[in-house]
Amino acid sequence: MSKELRTQFEKELQIFLKDKLKSYPYIKVNRNKIILDNKKGAKANIFLEFFNKGYEYVFYMDVYSSEIKDFIDSIQPPYSSNFDNKDIVYNSYYLSEKKSDPILLPITEKGKEYTFDRILNILNTIYLERAYNLIEVNKNLINDIIYKPKAYAYPFLISLYAIQKNKISYQDIDLEYLLSEEMLGYINDKDLKIAFNKEIIDYPLYNIPMLLTKNKSKKWQDDVIETATALFGFLKKQKLLIDVEPFDEQGKLKIDTVIKRENVTPEGLALFNTAVEGWLKYLSRSQAANKYENLSRLENGLAQIRESKK
C-alpha cells in the first residue's frame, strides 16, 4: 500500500476533523495529532499513529494538568504514580478499550468517508470527552475514572480532587465502591494505598445504613446485619470501640450504626487497615453455615498488632 495513499488520506482527514471539531475550545488539529491546551497548565495530546504491519491506525492520549499535579504534590502520597512519567495524569491506548476494532487505512472513497466518521465518533465519545473532563476537572471525571481507573496516575486522589472542587457531598458518592480494590485496580502497594486513601478523608470504616441501601434483597440485608453483628461484637469485646454502642439493651444490632475513624482505638484502626478486609472477603466466598462465627482472621490480625507493640 503506497505512502502516497496514506499521505493523501491523512491530509483529507485533517481537513475533515478541523471542520467537525472547530466548535471545541482551545483545540488544534494537526496531522496525526490533536492538541487541547487551555493555556492555564492543562494540556491533552491525542495521537493517531499508523502501523505499517497491519495498515491500521491506533489512538493514544496523554494529559497533563498542573492543577491536578499541584493537588497531588500537596498531599504527598506515600505510593507512586501508575506512570513512570510523573507529569502525566492520564495515559491510555485505543487497543486497551473494551471495544477497539481496528481502524484500517481505507483504499476507496466510500471507505474514506466511513473511516472519517468512525474516527470522529471515537474522538467525540471517548478521547475528547475524557480530555475535557480532566482539563476542567468536572464531576463527570469521577465516572471516567471508575470506568477505566488504570488510565489515571492516581485514580482515587484525582477523584477526591474532583469531589472537592465540585463540592460534591460524600453522601452522594459511594466511597466504599470508589475505594475498592476491584474498581481502582491497585497495581502495587495495595495495603498502603487503601490505608492512606481512607486516612485522607472522613471515611466511615463501616456504614450499615449505606450497605443496606445497596441491595434490597433479603439475603443481602441479612448478610449485612450478620456481618456487622459479628464484627461489632468482636470490636466491643476487644475494647476497640470509642463513644459508640452498636447494640441495644437486648443485645440486638442497631442498624443505624456508622463506625468512623474516631470511633475506634489505634489498634482498632490498624485492624481495619489490615485484617478486616480479608475477613470480609472470606465471608463473601465461604458457604459455611457458621462462617460468621469464624473470627480467626480478626483474632490473628489483632494478635499481630498487639505483638508488634511489645
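## Close-up views of the predicted model

View 1. Lys167 sits in the loop between α5 and α6 (175-179); helices here are DSSP runs of H or I with at least four residues, strands are runs of E with at least two, and both are numbered from the N terminus. This is a predicted model, so local features need pLDDT of at least 70 and side-chain atom pairs count only at pLDDT 80 or more, while totals for chains, interfaces and linings use all residues. Residues are numbered from 1 along each chain as its sequence is written, and side-chain values use heavy atoms, with hydrogens and water left out. Lys167 follows α5 and has a positive phi of about 55 degrees, even though it isn't a glycine. Most residues other than glycine have a negative phi. With a relative accessible area of 77%, Lys167 is exposed (exposed means over 50%, buried under 20%, partly exposed in between, with a 1.4 Å probe and protein chains only).

**View 2. Lys239, another lysine with a positive phi.** Look for Lys239 in the loop between α10 (218-237) and β8 (258-259). Its phi is near 60 degrees, a positive value in a residue other than glycine. Lys239 is exposed, at 69% relative accessible area.

View 3. Of the 11 residues of α5, 9 are buried, so the helix is largely enclosed by the rest of the structure. The buried ones are Pro155, Phe156, Leu157, Ile158, Ser159, Leu160, Tyr161, Ala162 and Ile163.

**View 4. Where α2 crosses α5.** Two packed helices are described by the angle between their axes and the distance between the axes. The axes of α2 (residues 66-75) and α5 (residues 155-165) come within 10 Å and cross at roughly 110 degrees (axes are lines fitted to C-alpha atoms, for helices over the stretch in contact, and angles run from 0 to 180 degrees between N-to-C directions). On the α2 side, the contact (heavy atoms within 4.5 Å) uses Glu67, Ile68, Phe71, Ile72 and Ile75. On the α5 side, Leu157, Ile158, Leu160, Tyr161, Gln164 and Lys165 take part. Sorted by class, that makes 8 nonpolar, 1 polar and 2 charged residues (nonpolar: Ala, Val, Leu, Ile, Met, Phe, Trp, Tyr, Cys and Pro; charged: Asp, Glu, Lys and Arg; polar: the others, Gly among them).

View 5. Zoom in on Ile158 and, leaving aside residues up to four places away in sequence, you'll find it touching Ile68, Ile72, Val89, Leu134, Leu141, Ile145, Tyr152 and Ala153.

**View 6. Tyr292, a buried loop residue.** Tyr292 is in the loop between α11 (266-285) and α12 (296-308), and at 12% relative accessibility it counts as buried. Its side chain makes a polar contact of 2.9 Å with that of Asp223 (a pair of N or O atoms within 3.5 Å; within protein, one must be able to donate a hydrogen and the other to accept it, and residues adjacent in sequence count only if both atoms are side-chain atoms). Not counting residues up to four places away in sequence, Tyr292 touches Asp223, Glu226, Thr227, Ala230, Trp279 and Leu283.

**View 7. Glu267, a buried glutamate.** Glu267 lies in α11 and is buried, with a relative accessible area of 17%. Beyond four places in sequence, Glu267 touches Leu240, Leu302, Ile305, Arg306 and Lys309.

**View 8. Asn38 and two backbone nitrogens.** Asn38 is in the loop between β2 (33-37) and β3 (42-51), and is buried at 17% relative accessible area. Its side chain reaches the backbone nitrogen of Lys40 at 2.8 Å and that of Ala42 at 3.0 Å. Setting aside residues up to four places away in sequence, Asn38 touches Tyr26 and Ile135.
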